[in-house]
Amino acid sequence: MKIKNGIVFNGEHKMEQKDLCFENGIITQTSASGEFDAEGCYVLPGFIDTHIHGANGVDFCYSDYSADPKPALDYLASQGVTSILLTLATSSIEEYISDVKRAKDANDDRILGIHGEGPFVNPIRKGGMTPDKIQKPCKEIPDLMQEHSGNMLKVFSMAPELEGAEDVIKHLVAQGVKVSLAHTDATYEQAQKAIEWGATRVTHTYNAMRPFSHRDVGIIGCALIDDRLDCELICDMHHVSPAAVKLVVKAKGIDKVTMISDGCFFCGMPEGKYILSDAELYVEGGFAKLPDGTISGSACSLATGAKNMFDLGFKPEEIAVMACVNP
């Protein structure tokens, strides 16, 4: 196949007018098959979503062991999202084991690994997490996730201020797992300690964390000024306002921001009322809310986030870096 006349994202992270040939999924110098005329269009690499809980009616968390992730992956591919880290929310040990086994048994190259979000979260910043499944940090749960998934755990999100967090963070980093700070009431000083222990990432920056104040900048201030942290950023323009999105990118630079969807099973589904882990959710306008108004996941794919970023004035090559290269 040849994609001709397109404006292509190249190996130097710039856009250039050129033809792109590929055969059997591999970019080649020439192509013997058909052509697609992409004149006036941007040609970007497939997006990689490193924080997504489900889509198209498929829930990666709390699901029955037999649940098949393929319908979610096929829907995401139709949106330009070609691979993911299958992301698990705060669950019981039994649910974690079931979920990671399902990810492993799917044997689908589009699942690059697993992102464990919780259960080591601060209850006062729980967001949409199930309260009675929150646990104190321990090595056992991530170790079981690694064991039953065949070492698919790539990112683990947790609150660093909790008792026992230091040992868990150091343990995960030693295994090559990226530790991300999440659902946390950490002060600036506590976030700095977590960085010293090996944390390198912030989960859905701004959301479910200690608010920023000019006298208490907290973890958000640490994330914005410390170059050792990369920032996840939900770009549905509901979780984070457009101005706050611009602030993160301006403070961190394109190379330190990873766009995510935080999408859930209702991504790609009709608006309305849904049940998630026995909790009522109301999906409207591209995101879900709990009955008390707490935002609890996005109904937008990473492709929608990319369009939003383009509408904010970001260049296609900048979006490609944040939605593909960085993840």
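Is Asn56 buried, partly exposed or exposed? Here are a few notes to read alongside the model.

1. First, some ground rules. This is a predicted model, where local features need pLDDT of at least 70, side-chain atom pairs count only at pLDDT 80 or more, and totals for chains, interfaces and linings use all residues. Residues are numbered from 1 along each chain as its sequence is written, and side-chain values use heavy atoms, with hydrogens and water left out.

2. Back to the question: Asn56 is partly exposed, at 29% relative accessible area. Buried means under 20%, exposed means over 50%, and partly exposed is in between (1.4 Å probe, protein chains only). You'll find Asn56 in the loop between strand E7 (54-55) and strand E8 (58-59). Helices (H or I, at least four residues) and strands (E, at least two) are DSSP runs, numbered from the N terminus.

3. Now check the backbone. Most residues other than glycine have a negative phi, and most peptide bonds are trans. Asn56 has a positive phi of about 55°. Asn5 has a positive phi too, about 70°, but Asn5 sits in strand E1 (residues 2-9). Asn5 is partly exposed, with a relative accessible area of 29%.

4. Have a look at Gly118 and Pro119 as well: a cis peptide bond joins them, with omega about 15°. Pro119 belongs to the loop between strand E10 (111-117) and helix H3 (140-149).

5. Finally, Leu44 lies in the loop between strand E5 (42-43) and strand E6 (47-52). Leaving out residues up to four places away in sequence, Leu44 touches Phe9, Met15, Pro316 and Ala320; contact means heavy atoms within 4.5 Å. Leu44 counts as partly exposed, at 28% relative accessibility.
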